[in-house]
Amino acid sequence: MADDNGTEREHTTVVETGNGGGGGGVLAVVLLIIVVLVLLFLFRGQLGLGGSKTTVEVPDKIDVNVNHN
């Protein structure tokens, strides 16, 4: 064994942080937004977001009485 003579050796570990794989969080947020929008679209009827058509009735004639003195 070459290193068994009792001398100490310094070991350095290099940890790279930064430009490698930093876009994972952005991808997760985008996917989460897409999933929420799809779920809102699928359950829009139960949530009351335009699932049924709204009926608006407009009268044919409106009587307005104006009294002049």
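## A look at K61 and its surroundings

K61 counts as exposed here, with a relative accessibility of 65%. Keep in mind that this is a predicted model. Its partner in a salt bridge is D63, and the closest N and O atoms of K61 and D63 are 3.9 Å apart. That sits inside the cut-off, because a salt bridge needs the side-chain nitrogen within 4 Å of a carboxyl oxygen. The count of salt bridges comes to one.

What about D63, buried or exposed? D63 is exposed too, at a relative accessible area of 62%.

| Residue | Relative accessible area |
|---|---|
| K61 | 65% |
| D63 | 62% |

Now for the rings. The charged end of R44 sits over the ring of F41, at 4.4 Å from the ring centre. How many aromatic pairs are there? The count is zero.

Zooming out to the whole chain, you'll find two helices and zero strands. How much of the chain counts as buried? Of its 69 residues, 0% do, and buried would take a relative accessible area under 20%.

Methods. Residues are numbered from 1 along each chain as its sequence is written. This is a predicted model: local features need pLDDT of at least 70, side-chain atom pairs count only at pLDDT 80 or more; totals for chains, interfaces and linings use all residues. Side-chain values use heavy atoms; hydrogens and water are left out. Helices (H or I, at least four residues) and strands (E, at least two) are DSSP runs, numbered from the N terminus. Buried means under 20% relative accessible area, exposed over 50%, partly exposed in between (1.4 Å probe, protein chains only). Rings of Phe, Tyr and Trp (its six-membered ring) pair if their centres lie within 6.5 Å; planes under 30 degrees apart count as stacked, over 60 as edge-to-face and the rest as tilted. A charge sits over a ring if NZ of Lys or CZ of Arg is within 6 Å of the ring centre and within 35 degrees of the ring normal.
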